[in-house]
Amino acid sequence: MSYRRGVKEVGLRGLRQNAGNLVRRAQAGEQVVITVAGRPAAVLGPVQSRSWRQWDDLAEIFDQLTDPEWDGARGSLDGSVVDPPGVER
């Protein structure tokens, strides 16, 4: 494993040999760049947890100006726009 500018890098062989250890380190918050032939190919890192947000935290996002021409544009749709096959509402 090499360290370039503070970023941990590991080659594909190192990934195969140390997969368990690298996954545990990722769970702990580290990010590791996986290289193939010395070039960065992927990043192994922690999964960002999903969390519920309170409406008050998001209300500002929805309280913004809308496109004043939207109502007119929406009325011009002719009904030919449909969901792709297999998508149910």
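1. Basis of the values. Because the model is predicted, local features require pLDDT of at least 70 and side-chain atom pairs count only at pLDDT 80 or more, whereas totals for chains, interfaces and linings use all residues. Residues are numbered from 1 along each chain as its sequence is written, and side-chain values rest on heavy atoms, with hydrogens and water left out.

2. Strand β3. Helices (H or I, at least four residues) and strands (E, at least two) are DSSP runs numbered from the N terminus. "Buried" denotes under 20% relative accessible area, "exposed" over 50%, and "partly exposed" the range in between, with a 1.4 Å probe and protein chains only. Four of the five residues of β3 are buried, so this strand is largely enclosed by the rest of the structure. By contrast, strand β4 (residues 39–44) is hardly covered, and the count of buried residues among its six residues is zero.

3. Threonine 35. This residue is located in strand β3 (residues 32–36) and counts as buried, at 9% relative accessibility. Leaving aside residues up to four places away in sequence, threonine 35 touches Glu9, Val10, Gly11, Leu12, Pro40 and Ala41; contact here means heavy atoms within 4.5 Å.

4. Valine 32 has leucine 44 as its bridge partner in β4, and valine 33 has valine 43. Two residues lie between the strands of this hairpin, in which alanine 37 takes a positive phi near 55°.

5. Helix α2. Leu22, Arg25 and Ala26 are buried in this helix (residues 19–27). They cover an arc of only 100° around the axis, which places them on the same side of α2; the arc is that of the directions from the helix axis to the C-beta atoms. Arg24 and Gln27 are exposed on the other side of α2. After α2 comes glycine 29, whose phi is positive, near 115°.

6. Salt bridges at glutamate 30. The structure holds three salt bridges, each defined as a side-chain nitrogen of Lys or Arg within 4 Å of a carboxyl oxygen of Asp or Glu. Glutamate 30 forms one with lysine 8, the closest N and O atoms being 3.9 Å apart. Glutamate 30 lies in the loop between α2 and β3 and lysine 8 in strand β2 (residues 7–11), so the pair ties together parts that are 22 residues apart in sequence. Glutamate 30 also meets arginine 25 in a salt bridge (2.9 Å, N to O). Glutamate 30 counts as partly exposed, at 23% relative accessibility, while arginine 25 counts as buried, at 17%.

7. Aspartate 71 forms a salt bridge with arginine 74, with the closest N and O atoms 2.8 Å apart. The two residues are three residues apart in helix α4 (residues 70–75) and are therefore separated by about one helical turn. Aspartate 71 is exposed, with a relative accessible area of 53%, and arginine 74 counts as partly exposed, at 44% relative accessibility. Elsewhere, salt bridges that share partners join Lys8, Arg25 and Glu30 into one network.

8. Nonpolar surface patch. Trp55, Leu58, Ile61 and Phe62 form a nonpolar patch on the surface, with about 460 Å² of accessible area together. Patches consist of residues with over 30% relative accessible area and no salt bridge, like charges being joined within 9 Å and nonpolar side chains (Val, Leu, Ile, Met, Phe, Trp, Tyr) within 5 Å. Accessible areas come from the Shrake-Rupley method with a 1.4 Å probe, and for residues only the protein chains shown count as cover. Isoleucine 61 is found in helix α3 (residues 55–62) and is exposed, with a relative accessible area of 52%.

9. Proline 68. This residue is found in the loop between α3 and α4 and is exposed, with a relative accessible area of 77%. The C-alpha atoms of proline 68 and glycine 86 are separated by 33 Å, the two residues being 18 residues apart along the chain.

Conventions
Pairing = 2+ DSSP bridges.
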